[in-house]
Amino acid sequence: MYSRDFSVNTVEFSDVDEQASMLTGWQQEYQQLGSGRFVGALSTVQTDEFHFIRESTNTSLHERIMPPPDQVVIGICNTDADGHLLNGRPLTQDLLIVLDGSRAHHFRTNGPIELLGISVPRELFLSQLHEQDDASVRRWLDLSVMQIDAGAASMLRQYFALASELMQHPADGPARSFSPRALASTAISNVALALSLQQGHHDLEATLPSRQRRERIVHNAIDYMRQHAGDEIGILDVCRATHVSRRTLQYCFEERLDISPLQYLKALRLNAAHREIKRRNVQDGVCDRQDTIGNLAALCGFNHASRFASEYKKMFGVLPSETALQVSRN
């Protein structure tokens, strides 16, 4: 049986940070943007060369992810819904995802989503791109999201569907007659063929420099927000730190993450508080929760503890004290 040749690992999560930390060698940080309790799942199949990944989440998130530096990730969105963004570009079922591990990528999910992908050594992937010049390959890797031939897209969805079935039912079902290695090799060959047929042309190639500039603006703004989340900063402070106008900052955030800078700053502070509550209770055990929550409200830029508790419950579906109690019990 093929179940002896590979292992399938599936874990369900109720904590967004736990899910973000599960992929070995990946640098990931998830910020919850949607309201309610987080529910997610991650399934993986590992072979010598390939790593199948299926990930699902139930609410709006900003995911900053960086695959291992020597890897390329090829994937698709398996959710028929609008509003998802990858590096500021719309992400639908008909588009190919290609993530280069040499840089960070930004997912903005707009609700429930399932992503399917294969992580493969970069050199192995590039070796499949026969007779392609370096400039074309670099553009493909920079774009991250690409329209490919409809037939190729349909074929890839079938391969990923088989891989998904294999991860759900490794001992039986239609994927039983396929090995992960065969599925991955065939999928990568078809991706390489689809990219080769593009012949280096894409409608967004000419806009790459400006898109990369906007990406840097958002990246620098988020770094500044993270460093000063506990300070009394406003959007004008972020503009000064990133050397752009308020209008430019607003446009860049709305394009890249479909959220305003002010909304993102509030979400960032709430997520930081969520992590700090968990950290303090794990580190210190049962402590004075009211004192912890009161201090955290101030540390995360909230002037009133009651308003902080209200915004926290709206975001995570529970009060700060309930998070502290749950961590203490665990």
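Which helix contains Q19? Q19 is found in helix α1, residues 16–20. Helices (H or I, at least four residues) and strands (E, at least two) are DSSP runs numbered from the N terminus.

This is a predicted model, in which local features need pLDDT of at least 70 and side-chain atom pairs count only at pLDDT 80 or more, while totals for chains, interfaces and linings use all residues. Residues are numbered from 1 along each chain as its sequence is written, and side-chain values use heavy atoms, with hydrogens and water left out.

**Overall features**

The protein has 12 helices and 12 strands. Of its 330 residues, 52% are buried, where buried means under 20% relative accessible area, exposed over 50%, and partly exposed in between (1.4 Å probe, protein chains only). Among contacts (heavy atoms within 4.5 Å) with a separation of 6 or more, 75% are between residues 24 or more positions apart.

**Surroundings of Q19**

Q19 counts as buried because its relative accessibility is 1%. Leaving out residues up to four places away in sequence, Q19 touches F13, Q28, Y30, F38, G40, A41, E55, S56 and T57. With A41 there is also a polar atom pair: a polar atom of the Q19 side chain lies 3.3 Å from the backbone nitrogen of A41.

**Salt bridges**

A search of the whole structure finds 12 salt bridges. A salt bridge is a side-chain nitrogen of Lys or Arg within 4 Å of a carboxyl oxygen of Asp or Glu.

| Pair | N to O distance |
|---|---|
| R122 and D100 | 2.5 Å |
| R214 and E255 | 2.9 Å |
| E311 and K266 | 3.4 Å |

R122 forms a salt bridge with D100. R122 lies in helix α2 (residues 122–127) and D100 in strand β9 (residues 95–100), so the pair ties together parts that are 22 residues apart in sequence. R122 is buried, with a relative accessible area of 16%, and D100 is buried at 1%.

The side chains of R214 and E255 meet in a salt bridge. This pair links distant parts of the chain, with R214 in helix α6 (residues 208–227) and E255 in helix α8 (residues 246–257), 41 residues apart. Both R214 and E255 are buried.

E311 and K266 also meet through their side chains. E311 is in helix α11 (residues 305–316) and K266 in helix α9 (residues 261–284), so this pair ties together parts 45 residues apart in sequence. E311 is buried, with a relative accessible area of 16%, whereas K266 is partly exposed, at 34%.

A network of salt bridges links D15, D17, R275 and K278.

**Cavities**

A cavity is a set of points, on a 1 Å grid over the protein atoms alone, where a 1.4 Å probe fits but cannot get out; lining residues have an atom within 4 Å of a point. The count comes to 4 cavities of 30 Å³ or more. The largest cavity has a volume of about 200 Å³. Of the 17 residues that line the largest cavity, W26, I53, E55, V73 and L115 are the closest to its centre. Strands that each supply at least two residues of this lining include β4 (51–57), β6 (71–77) and β11 (113–121). E55, one of the residues closest to the centre, is also among those that Q19 touches.

Terms used
Polar contact = N/O pair within 3.5 Å; in protein donor to acceptor, adjacent residues only side chain to side chain. 1 Å grid on protein atoms, 1.4 Å probe; cavity = no way out; pocket = protein on both sides within 12 Å on 5 of 7 lines; lining within 4 Å. Points joined across faces, edges and corners; volume = space filled by probe spheres on them.
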